[in-house]
Amino acid sequence: MANSELNPAWEELIRAVKMNVKPAVGCTEPVSLALASAMAASHLAGSVERIEAKVSPNLMKNGMGVTVPGTGMVGLPIAAAVGALGGDPLAGLEVLKSVPVKAIAAGKLLLASGRVSVTMQEPCDDILYASATVFTADGKATVVISGGHTQVSRIEKDGVVLFSADSGVKTEETAPACRLESFTLEQIVEFAQSAPLEKIAFILDAALLNGELSREGLRAQYGLHIGSTLLRQQGRGLLAKDLLTDIMIRTSSASDARMGGACLPAMSNSGSGNQGITATMPVVVVAEYLGCDREKLARALILSHLTAIYIHHQLPALSALCAATTAAMGAAAGMAWLIDGSYRTLSMAIGSMIGDVSGMICDGASNSCAMKVSTSAAAAWKAVLMALDNTCVTGNEGIVADDVEQSISNLCALASHAMQHTDRQIIEIMANKNA
């Protein structure tokens, strides 16, 4: 199946996956602010006395309603507090992985005394922006993250600039972006089924991490506990014990745990744990059902994650489009490939999904994200079943075109342009609710 040597062009695809598929503890928007706080605090001596944070409207939207791991509390202020008091400034998206219990308690006291403020930065040119200024008796330090969840653009202490992205210093996220626009979906499929296994086997870590998160979601009552609810209703006979139900249960339970504050890492995709879960768990469930070996699972997962990245790179970093839908398009590709290996089948499935779930909005990260993950995963399996029966949404219907590349382009154009007004309306509604 695979070539013994790696096509030089495929190195770019491997780089794209490694840049976009990373472990993350907690929702990545509040985690981004927690990282800024942790980094700012690392430049100071003494106890944290006060924190002032500013975030972009989109980051505010995605941080208002999500539980911060280990705290049992919702929102950006607790993320900023525990990040400064106990976060690991060198851990990236896993900044909150090992926060001591004492630091969490101290963070709650800091909030209760009114010494943590998080406001919106307006106007703000960056969709993804987090600035944290930490004050101690030693002075104050500010860290700005913008353009990427871990991309530091400025570090300042007591008015002195210690680092600026304008200095030309390169980090992983400031390195040149992957040139995915030079590839087609068909080339991505060829890569997934032909690349040397040892070059892509790292993607199996996604199955390990997200699988463990799924089991944790069924073990305890996290968030809306959708996965465990569906499992109980299955036991009552109200849901069938079939492949579709298993896909929904095991995918949504991972999202339950992730959004409900579990301290386990998710393997993220394109900066989102939910996208990583959605691109992973449906493929794992189908692979287990089919009795696939390690190599076939790795190839299906690399196809799923890379397809999700390929679509998402045409979107804004954060938008009004729920990106669980686009991640599930990757899952549809992976599941379809597992069953018949046909490019035609998986492209039909993606087209049908664009005709089905493209209108799902993102109204901020919250426990209800697990419902959208469940819906998207179910839609992916339905689209695969249709494609296997030689049925799909046609180019005569809505935004779907006869060519899957054009269908993807149409969807991303909506999210990048017309849905920007929708995004502003969603943020306004949410801001008024919490005023």
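At 36% relative accessibility, leucine 388 counts as partly exposed, because that class lies between buried, under 20% relative accessible area, and exposed, over 50% (1.4 Å probe, protein chains only). This is a predicted model, in which local features need pLDDT of at least 70 and side-chain atom pairs count only at pLDDT 80 or more, while totals for chains, interfaces and linings use all residues. Residues are numbered from 1 along each chain as its sequence is written, and side-chain values use heavy atoms, with hydrogens and water left out.

Leucine 388 lies in helix H15, where helices (H or I, at least four residues) are DSSP runs numbered from the N terminus. Together with Tyr289, Leu290, Ile339 and Leu385, Leu388 makes a nonpolar surface patch of about 460 Å². Such a patch is made of residues with over 30% relative accessible area and no salt bridge, its nonpolar side chains (Val, Leu, Ile, Met, Phe, Trp, Tyr) being joined within 5 Å; the areas come from the Shrake-Rupley method with a 1.4 Å probe. Two or more residues of the patch are given by each of helix H11 (273-290) and helix H15 (369-388).

Leucine 346, if its neighbours within four places in sequence are left aside, is in contact (heavy atoms within 4.5 Å) with Leu185, Val189, Leu303, Ala333, Ala336 and Trp337.

Threonine 325 lies in helix H13 (residues 324-340) and, at 0% relative accessibility, counts as buried. A polar atom of the threonine 325 side chain lies 2.6 Å from the backbone oxygen of cysteine 322. Leaving aside neighbours within four places in sequence, threonine 325 is in contact with Met353, Val357, Met360 and Ser376.

Side chains of opposite charge can pair when their charged atoms come close. The structure holds 13 salt bridges, each being a side-chain nitrogen of Lys or Arg within 4 Å of a carboxyl oxygen of Asp or Glu. In one of them, arginine 250 pairs with glutamate 288, the closest N and O atoms being 2.7 Å apart. This pair links distant parts of the chain, since arginine 250 is in helix H10 (residues 243-259) and glutamate 288 is in helix H11, 38 residues apart. Arginine 250 is partly exposed, with a relative accessible area of 23%, and glutamate 288 is partly exposed as well, with 49%.

Another salt bridge joins arginine 299 to glutamate 295, with 3.0 Å between the closest N and O atoms. Both residues lie in helix H12, four residues apart, about one turn of the helix. Arginine 299 counts as buried, at 0% relative accessibility, whereas glutamate 295, at 27%, counts as partly exposed. Elsewhere, salt bridges that share partners join Glu12, Arg15 and Arg179 into one network.

Technical notes:
Patches are made of residues with over 30% relative accessible area and no salt bridge: like charges are joined within 9 Å, nonpolar side chains (Val, Leu, Ile, Met, Phe, Trp, Tyr) within 5 Å. A polar contact is a pair of N or O atoms within 3.5 Å; within protein, one must be able to donate a hydrogen and the other to accept it, and residues adjacent in sequence count only if both atoms are side-chain atoms.
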